[in-house]
2 protein chains.
Amino acid sequence: MELYSHEYFMNEAMKQARTAFDDGEIPVGAIVVCRNTIISRAYNQTEKLTDVTAHAEILAITAASNYLGSKYLKECKLYVTLEPCIMCAGATFWAQLGELHFAAEDLHRGFSTLQAPVLHPKTKVFSGMMAQESNHLLQEFFKILRNK
Amino acid sequence: MELYSHEYFMNEAMKQARTAFDDGEIPVGAIVVCRNTIISRAYNQTEKLTDVTAHAEILAITAASNYLGSKYLKECKLYVTLEPCIMCAGATFWAQLGELHFAAEDLHRGFSTLQAPVLHPKTKVFSGMMAQESNHLLQEFFKILRNK
């Protein structure tokens, strides 16, 4: 069985972010991987659903739990193109997420700005992969928004 | 027009918590009030929905935004029977919630344990009303759970 790389999975999350971009949503995408298989894919839909809780991570976690029939995602990896906010980091805590991989940092609303223990102590964190691509897409989005 | 009291609204949230109790869910209930009218009611459904994000507050916020057709709940009051966790507090931040009223404190997972600015700066916070009733219901729930 061929194992996919972290790059492959983050690129799949980036594809979700680009779908958000095309839909006029802040371009953030997420996927959940369990045993080398993508079990959920989601992108930010706060505008379409008129719902501040419809972040990519929340939708991906809900879908992954639905797929597995388990509230807990201990064996799972979340790949997301932007550092999770406090709400989404709190969701990963409850899910007891195995690994969190995020691309770009969110210096304004990312969970790490709090400098407080928000994640589950067993969640391993990796960051920076494809950060440039993710930042570029976000900057492009806000540039278009400003010129509207 | 008769104005309902904060006690009336918190009691309505307690009714939701009792429904959660009867359903075998950790008994937490929430309502959202806008212009003296209850626009959403919800209770914790993490077990039924197999979803860690299905906290009473998240469900109530989503339903309130759906009702109003607005992502923002600046003019709204959330009444919840237990101090919101970090995830739910993060959701109230994004909604720019007007007022947060919670009954019992959550000394383990309540947002205030972080001692960090999690809520929106404009959200007014009130706590303690019906705390005893809420704590009693929670203790009863966990007592039954332990004896199972």
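Helices (H or I, at least four residues) and strands (E, at least two) are DSSP runs, numbered from the N terminus. By that rule, chain A has 4 helices and 5 strands. From the N terminus on, its elements follow the order α-β-β-α-β-α-β-β-α.

This is a predicted model, in which local features need pLDDT of at least 70, side-chain atom pairs count only at pLDDT 80 or more, and totals for chains, interfaces and linings use all residues. Residues are numbered from 1 along each chain as its sequence is written, chains are lettered from A and ligands numbered from 1 in the order in which they are written, and side-chain values use heavy atoms, with hydrogens and water left out.

**Chain A**

| Property of chain A | Value |
|---|---|
| Box of the C-alpha atoms, along the principal axes | roughly 45 × 35 × 30 Å |
| Share of the 148 residues that count as buried | 54% |
| Share of contacts with a separation of 6 or more that join residues 24 or more positions apart | 61% |

Buried means under 20% relative accessible area, exposed over 50%, and partly exposed in between (1.4 Å probe, protein chains only). Contact means heavy atoms within 4.5 Å.

Ser134(A) sits in helix H4 (residues 131-146) of chain A. Ser134(A) counts as buried because its relative accessible area is 1%. Leaving aside neighbours within four places in sequence, Ser134(A) is in contact with Met14(A), Thr81(A), Leu82(A), Ala103(A) and Ala104(A).

**Where the chains meet**

In the interface, 27 residues of chain B are in contact with 27 residues of chain A. Buried area is the accessible area (1.4 Å probe) that two parts lose on being put together, summed over both. For chain B and chain A this is about 2,300 Å², with 71% of it on carbon and sulfur atoms. On the chain B side, Val52(B), Lys71(B) and Trp94(B) lose the most area to chain A, together 29% of what that side buries.

A salt bridge is a side-chain nitrogen of Lys or Arg within 4 Å of a carboxyl oxygen of Asp or Glu. The rule finds 2 salt bridges across the interface. Glu47(B) forms a salt bridge with Lys71(A), with the closest N and O atoms 2.8 Å apart. Helix H2 (56-68) and helix H3 (86-95) of chain B are the elements giving two or more residues to the side that touches chain A. H3(B) gives the largest share, 7 residues.
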